[in-house]
Each structure stands twice: as structure tokens, then as C-alpha cells.
Amino acid sequence: MITIIWVLLFPALFMIHDFEEIIYGHSWFKQNIKKIETKVSAKLMAKLIKSLDGTTAQFAFAVFEEFIILVPLSILTIHYHWYVFYVCLMFGYCVHAVIHLLQSIYLRMYVPATATGLVTSILIIYGAFVVIHEQQLQISLILIFLPLMMILILVNGLFSHWLAKRFVK
């Protein structure tokens with residue numbers, strides 16, 4: 001029963017983090033572009049500008065795409081007991097949150113979604129270990145599938161932003 005709670009709680013925690021990104025991300029980048037330019041290479045800055053050239057609505061659309069995949073995955077995980085897959089997804093989210101922390105440290109300024117990413121990651125890691133324990137999952141299987149999950153998360157992130165630029169003007 002606790003497993004089901006943690007599986008269903010993950011999408012809500014994911015959204016708390018993404019709400020902060022939606023609300024503050026683009027305006028923060030625009031306000032801090034000069035400071036960021038002094039800390040990163042011109043090549044990286046060009047990539048950042050290109051990746052952030054969309055609108056807040058486009059970013060929200062990309063988050064929506066991820067959410068409408070995550071909710072059915074949660075239900076399918078409960079029904080078909082795809083817990084190894086789902087724990088990998090939970091850990092993949094935590095890697096994303098750590099990236100925000102590393103950005104903040106590197107830039108020496110708060111990057112939006114760092115706080116919510118860290119707080120939700122602590123809860124998600126706890127929940128993942130509850131699921132691992134309750135479902136008696138093999139850590140070796142999680143470690144095998146985690147790199148694949150990271151690739152899937154990256155590919156879907158790129159796809160969701162590509163979709164957003166096509167459907168939201």
C-alpha cells in the first residue's frame with residue numbers, strides 16, 4: 001500500500017518542482033544573462049540562449065507533455081508492477097535536481113527550481129527506497145536500467161520542447 005502512495009505522489013512532487021521552473025525560469029534567465037555570460041564560454045552561452053529562446057507557455061507545454069506521460073506511467077506501474085522501471089524514473093528526476101544544484105554552485109547564484117528540486121528529491125529518494133524495500137527490488141537491476149532511463153528522460157525532454165515549439169506560438 002505504501003508503494004502505491006509513493007508511486008502516485010511522485011507526479012505531484014515533480015509538478016511542484018516544475019511550477020517553480022515555469023514561474024521563474026525565463027524571467028530569471030533574462031534578468032541574469034549578463035552575469036551568466038561572464039561565467040560560461042561563448043559556445044555554451046549560445047546553446048543556452050538557443051535552448052531558452054522559447055516562451056513560458058512553450059515551457060509549460062513541455063512540462064504538460066511530461067506530466068501526461070508520467071500519470072499513466074504511474075497507473076501502469078501499479079497495475080503491472082513496473083517498480084524497477086519507476087524507481088529508475090524517480091532517481092532520474094533526482095539527477096535532474098542535482099544538475100540545478102550544480103548550476104547554482106557554478107554560477108554562484110540561485111537558479112530557479114534548485115530549492116524545490118532538492119526538497120522534492122529528498123522525499124523522492126526516501127520514497128524510492130520505501131518502494132525498493134517493500135517490493136524487494138534488486139539494486140543491481142536498478143543500476144542496470146538507470147542509464148537507459150536517463151537516456152529516455154533526455155530524449156523525451158528534447159522531444160517535449162520540440163513539440164512545444166511546434167504547437168505553442
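**View 1. A nonpolar surface patch of about 440 Å² is formed by L141, I144, F145, L148 and L152.** The model is predicted: local features require pLDDT of at least 70, side-chain atom pairs count only at pLDDT 80 or more, and totals for chains, interfaces and linings use all residues. Residues are numbered from 1 along each chain as its sequence is written, and side-chain values use heavy atoms, with hydrogens and water left out. Patches comprise residues with over 30% relative accessible area and no salt bridge, like charges being joined within 9 Å and nonpolar side chains (Val, Leu, Ile, Met, Phe, Trp, Tyr) within 5 Å. A salt bridge is a side-chain nitrogen of Lys or Arg within 4 Å of a carboxyl oxygen of Asp or Glu. Accessible areas follow the Shrake-Rupley method with a 1.4 Å probe; for residues, only the protein chains shown count as cover.

**View 2. L152 lies in helix α6 (residues 139–167).** L152 is partly exposed because its relative accessibility is 43%; buried means under 20% relative accessible area, exposed over 50%, and partly exposed in between (1.4 Å probe, protein chains only). Helices (H or I, at least four residues) and strands (E, at least two) are DSSP runs numbered from the N terminus.

**View 3. The chain contains six helices and zero strands.** Its elements run α-α-α-α-α-α from the N terminus. Along the principal axes, the C-alpha trace spans about 50 × 35 × 25 Å. Of the 169 residues, 41% count as buried.

**View 4. The chain exposes about 10,000 Å².**
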